[in-house]
Amino acid sequence: MIGWSGNEDLKKIFHIPNGGHRLPWIAASLKQEGVKAGVLDNFLPVARGGYHGLWIEFKSKRRKSCPKNPEDLLSDEQVLFAQRVRQDGFMVIVCYEALDAFEKCEHYLRMSGYESGRNIRINLANAKLAGEA
């Protein structure tokens with residue numbers, strides 16, 4: 001998905017390797033390192049449209065019956081995680097396919113709202129200078 005776009009912001013996306021079946025000793029080691037159940041697959045740390053960032057979860061269509069809404073396939077832990085990050089101002093999307101996720105990410109990145117962190121620092125610096133004068 002990252003290689004599909006020339007968008008520099010989309011290149012900031014990263015994967016969180018939480019899922020999958022592992023040997024018990026590897027799972028125990030990962031848990032000690034801070035791996036938590038329910039954390040979604042990918043994160044895009046770019047603020048847009050009033051959101052602090054975008055969490056993305058992929059679900060497989062390789063099931064006998066797939067609900068129309070892939071969000072119906074979230075585990076209880078994932079539902080709780082999604083609720084928490086939404087309450088904290090993040091957007092969450094759940095997709096079956098990479099193309100769907102790519103289109104939703106592109107739409108997200110076209111949203112306006114938050115200024116970039118660089119602009120916020122400049123604005124804070126100017127406000128500080130103005131307050132001192």
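Lysine 11 and glutamate 8 join their side chains in a salt bridge, at 3.1 Å from N to O. The model is predicted. Its salt bridges come to five.

**Salt bridges**

- In the Lys11 pair, lysine 11 is partly exposed, at 43% relative accessibility.
- Arginine 48 and aspartate 9 form another salt bridge, at 2.5 Å from N to O. This pair ties together distant parts of the chain, 39 residues apart. Arginine 48 lies in the loop between β2 and β3, and aspartate 9 in the segment before β1 (14-15).
- Arginine 48 counts as buried because its relative accessibility is 18%, under the 20% cut-off. Aspartate 9 is also buried, at 18%.
- A network of salt bridges links Asp9, Lys12 and Arg48.
- Glutamate 57 and lysine 59 meet through their side chains at 3.4 Å, N to O, in a salt bridge. Both residues are buried.

**Helix α3**

- Helix α3 covers residues 98-110, 13 residues in total. At 1.5 Å a residue it should span 18 Å, and its end C-alpha atoms are 18 Å apart, so the two agree.
- Its buried residues are Ala101, Phe102, Cys105, Glu106, Tyr108 and Leu109. They sit on the same side of α3, because their arc around the axis is only 160°.
- An α-helix has 3.6 residues a turn, so residues three or four places apart point the same way.
- The cover over the buried residues of α3 includes β2 (42-44), β3 (54-58) and β4 (91-95).

Note on methods: Residues are numbered from 1 along each chain as its sequence is written. This is a predicted model: local features need pLDDT of at least 70, side-chain atom pairs count only at pLDDT 80 or more; totals for chains, interfaces and linings use all residues. Side-chain values use heavy atoms; hydrogens and water are left out. Helices (H or I, at least four residues) and strands (E, at least two) are DSSP runs, numbered from the N terminus. The expected span of a helix is 1.5 Å times one less than its number of residues. Buried means under 20% relative accessible area, exposed over 50%, partly exposed in between (1.4 Å probe, protein chains only). The arc is that of the directions from the helix axis to the C-beta atoms. Contact means heavy atoms within 4.5 Å. A salt bridge is a side-chain nitrogen of Lys or Arg within 4 Å of a carboxyl oxygen of Asp or Glu.
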